[in-house]
Amino acid sequence: AGVPDILFRKFEKSSFDKSKELTLIKNNRKKMIILPSCFFDAVAFFENSLFADNYTWLIYLLEKSKSTNFDWYIKPHPDGMIENEKVYKKILEDFPHVKLLDKNISNKTFLNNDFSAMFTYQSNAILEFTYMRIPSIVVSDNLHSSFSYGKPVLNLKEFDNKIINADKLKIRNKYMKEIHQFN
């Protein structure tokens, strides 16, 4: 599908850097990626959210993920503070079914490894993953909230349903048009 748009770059550093791609073990299980925000940054930055903060959201999601038959991965925020490492150490102890990835791996890794969905609290990665045709679930207002691809899930029952059925989520064709409007 070509070279990623320059608008997907942050500080002249592409999140699609080929040297940072990762090949994951192939199996028949569907793969889900979780992109938390930094745990020590901008709590409640936007108006509406299903959860009080990023940490509460992540713990809830990981609890629900235990009842699925998917492989779950977390990619920490690339600009996250060093204190996040202690939080992730505890999370991995409490949720051994989850794999922690290097925070600097290329987002193209998720396209090349056939990830079924992406979950985030309020990340701008919604745009990138939707553009790669990976359905993205967000639970807080964000820079993309005025577009249908970036609308947050603000109902717990609906969020639970999306977790359990993450392998069945779809990208709508109108999302691509909206992404170009956003850009």
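Predicted model: local features only at pLDDT ≥ 70, side-chain atom pairs only at ≥ 80, totals over all residues.
Me: What percentage of the chain's residues is buried?
Reply: The chain has 183 residues. A residue counts as buried when its relative accessible area is under 20%. By that cut-off, the buried share of the chain is 46%.

Me: Which pattern of helices and strands does the chain follow along the sequence?
Reply: There are 6 helices and 5 strands in the chain. Read along the sequence, they give the pattern β-α-β-α-β-α-β-α-β-α-α.

Me: Of the contacts between residues at least 6 apart in sequence, what share joins residues at least 24 apart?
Reply: A contact here is a pair of residues with heavy atoms within 4.5 Å. Counting contacts between residues at least 6 apart in sequence, those that join residues at least 24 apart make up 72%.

Me: Which element gives the most residues to the lining of the second largest pocket?
Reply: The second largest pocket has a volume of about 340 Å³ and a lining of 18 residues. Two elements, β5 (136-138) and α5 (156-164), each supply at least two residues of that lining. The most, 3 residues, come from β5.

Me: How many residues in the lining of the second largest pocket are nonpolar?
Reply: Ser136, Ile137, Ser148, Lys162 and Tyr175 are the lining residues that lie nearest the pocket centre. Across the whole lining, 3 residues are polar and 5 are charged. The nonpolar residues number 10.

Me: Is Asp114 buried or exposed?
Reply: Asp114 sits in the loop between α3 (108-112) and β4 (115-120). Its phi is positive, about 55°, although Asp114 is not a glycine. The relative accessible area of Asp114 is 56%, and the cut-off for exposed is over 50%, so Asp114 is exposed.

Me: In the loop between α4 (125-131) and β5, how does Arg133 count by accessibility?
Reply: Arg133 lies in that loop and has a positive phi near 65°, though it is a residue other than glycine. Because its relative accessibility is 44%, Arg133 counts as partly exposed.

Me: What distance separates the C-alpha atoms of Met132 and Ile171?
Reply: Met132 is also placed in the loop between α4 and β5. With a relative accessible area of 8%, Met132 is buried. Met132 and Ile171 are 39 residues apart along the chain, and their C-alpha atoms are separated by 9.6 Å.

Conventions
Residues numbered from 1 in each chain as written. Heavy atoms only, no water. 1 Å grid on protein atoms, 1.4 Å probe; cavity = no way out; pocket = protein on both sides within 12 Å on 5 of 7 lines; lining within 4 Å. Points joined across faces, edges and corners; volume = space filled by probe spheres on them. Helix = DSSP H or I, 4+ residues; strand = E, 2+ residues; numbered from the N terminus. Nonpolar A, V, L, I, M, F, W, Y, C, P; charged D, E, K, R; others polar. Buried < 20%, exposed > 50% of the residue type's maximum accessible area, 1.4 Å probe, protein only.
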